[in-house]
Amino acid sequence: MDFAFYWIDLAGVAIFAVSGTLLAFRKKMDGFGVIVLASVTAIGGGTIRDLILGLPVFWTHDQTYFYSILMAACITIIWLRYRSYIPMTTLLVADAVGIAFFAAMGAQKTLMAGFPPFIAVIMGTISACFGGMLRDVLARDVPLVLKGELYATTCIVGAACYTLLVAIDPLLALAVGMTATLTLRLLAIRFRWSLPVFSDSQDNV
Amino acid sequence: MDFAFYWIDLAGVAIFAVSGTLLAFRKKMDGFGVIVLASVTAIGGGTIRDLILGLPVFWTHDQTYFYSILMAACITIIWLRYRSYIPMTTLLVADAVGIAFFAAMGAQKTLMAGFPPFIAVIMGTISACFGGMLRDVLARDVPLVLKGELYATTCIVGAACYTLLVAIDPLLALAVGMTATLTLRLLAIRFRWSLPVFSDSQDNV
Amino acid sequence: MDFAFYWIDLAGVAIFAVSGTLLAFRKKMDGFGVIVLASVTAIGGGTIRDLILGLPVFWTHDQTYFYSILMAACITIIWLRYRSYIPMTTLLVADAVGIAFFAAMGAQKTLMAGFPPFIAVIMGTISACFGGMLRDVLARDVPLVLKGELYATTCIVGAACYTLLVAIDPLLALAVGMTATLTLRLLAIRFRWSLPVFSDSQDNV
């Protein structure tokens, strides 16, 4: 059980590391800037989650997460050497898979630490969104999370699905939560969905 | 006593949420970007204060803060629907009221946790300034706190007033501290006061 | 022993405060914006290190660090009054001395708290890089750490030297670690070294 969660967590870290490396490539960063951006993206959200919950930060006693980041960054770099062009869509999809992982995992860790379900949904969203937010702030992009297309909303839906279903079966809850976030986010990117709160003032941007 | 502080804290959170929502409107963000920016502004400073002091983060066991943010953001959005224009001054004033609340409350919480008065003044300033700083960094504005007009100075004065007077009467200290910050900041905005440290080099900006 | 470390720590804080003040000067900030930027640069990296390690944040029980920041900022400001021009190189060198201090000190504090050597190297790098990263994000520069010239690499080398040699003699380890970071970084600035990972795509920036 915990074993499955551990591997899913590692996979989420690796995918966010890929997303950080891809942005570093688009921004023409070199050398270690890539590793820094990959690491911040991959473990930033989880670090903030653990700090706020008062838990030991997950990577301080386990080096495996860094090997995972290094491997993901190196494979991405080598792959980019043989393909000179990387489309924006690839970055968005890598990011979507990453947030799907982390929204459910963040909710799971919060519930296991004994916090109420409402906080679990919020912490799942923070785990999922803040790594990418740090990545975008450091690379001087407008954070994806603020640009609409249901970004934060999909994380909230995924974390809420997990929190609702976890009493029945944790692995089922994880599968449904991740699928919900990923499907919604990919559909939102594909069809350019957005919440219409300020839509009429957006016409004259 | 604690009851009064609790409501003042909630009011401060709501006012900062309004200030985050107003900036999101000016930046033409849509949907959940608004909620994210409102939340970061409203609870960012207090979260950093609690993390640094090693206290449990104030909103992890109390959902009321989030209801307060959601209500403030919704009311602001509905109000903006009926007024297409929002002057910069409104944003500055909402921000000024927010920092007045948080500078005094931050000093109060630090003293109650047993830290020395000097640290209480600094933590009051951090509580007040960092929420708005995160807001401005995420929205890619130059942080207000770095643009002068006595921003951080007013927080330091308010937190210092509270720290000096708290031995006499906590509610009096709170009232004086908040009034000091608010008055100074509004006067500074009105008359464009600034500390003249680098003023001669500002002529040729 | 601890006494020596304490003074070295204070010196590192003061040097980073100078680097923050210099950037504030270049960006034509006035008054307290300078103090905020100097403080964030000087204690930001160490604060994040202590939060992640779950230690009490180093400056919350010792006001000396703030006197050190204030003194460093004031001396820098007074010095700048008599020299209207400040070359970019001075900023880079002040920054290089700061990261040399903090990379070794961060590794030392992590090892003393009982964490494994691998984490000590990472925390040394974080201590050294994150203060400057926060400084650059707040001042809206591209963070130095992401711009190459071996920035993060030099911190890793310095922290690794300290971690390897500390079993022999802590002060020797500190001297070698700091010298390694400083020498590498100054050479990298002088000769514009960089890791060649994405170099071929940099031709058409």
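Which residues make the nonpolar surface patch of about 260 Å²?

A: In this predicted model, Ile168(A), Leu172(A) and Val176(A) make that patch. A patch is built from residues with over 30% relative accessible area and no salt bridge; like charges are joined within 9 Å, and nonpolar side chains (Val, Leu, Ile, Met, Phe, Trp, Tyr) within 5 Å. A salt bridge here is a side-chain nitrogen of Lys or Arg within 4 Å of a carboxyl oxygen of Asp or Glu. Accessible areas come from the Shrake-Rupley method with a 1.4 Å probe, and for residues only the protein chains shown count as cover.

Let's look at one member. Val176(A) is found in helix H7, residues 170-191 of chain A; helices are DSSP runs (H or I) of at least four residues, and strands (E) of at least two, numbered from the N terminus. With a relative accessible area of 31%, Val176(A) is partly exposed. Buried means under 20%, exposed over 50%, and partly exposed in between (1.4 Å probe, protein chains only).

Now the whole chain. Chain A has eight helices and zero strands, and 58% of its 205 residues count as buried. Its accessible surface comes to about 8200 Å², with 70% of that belonging to carbon and sulfur atoms.

A word on conventions: residues are numbered from 1 along each chain as its sequence is written, while chains are lettered from A and ligands numbered from 1 in the order written. Local features need pLDDT of at least 70 and side-chain atom pairs count only at 80 or more, while totals for chains, interfaces and linings use all residues; side-chain values use heavy atoms, leaving out hydrogens and water.
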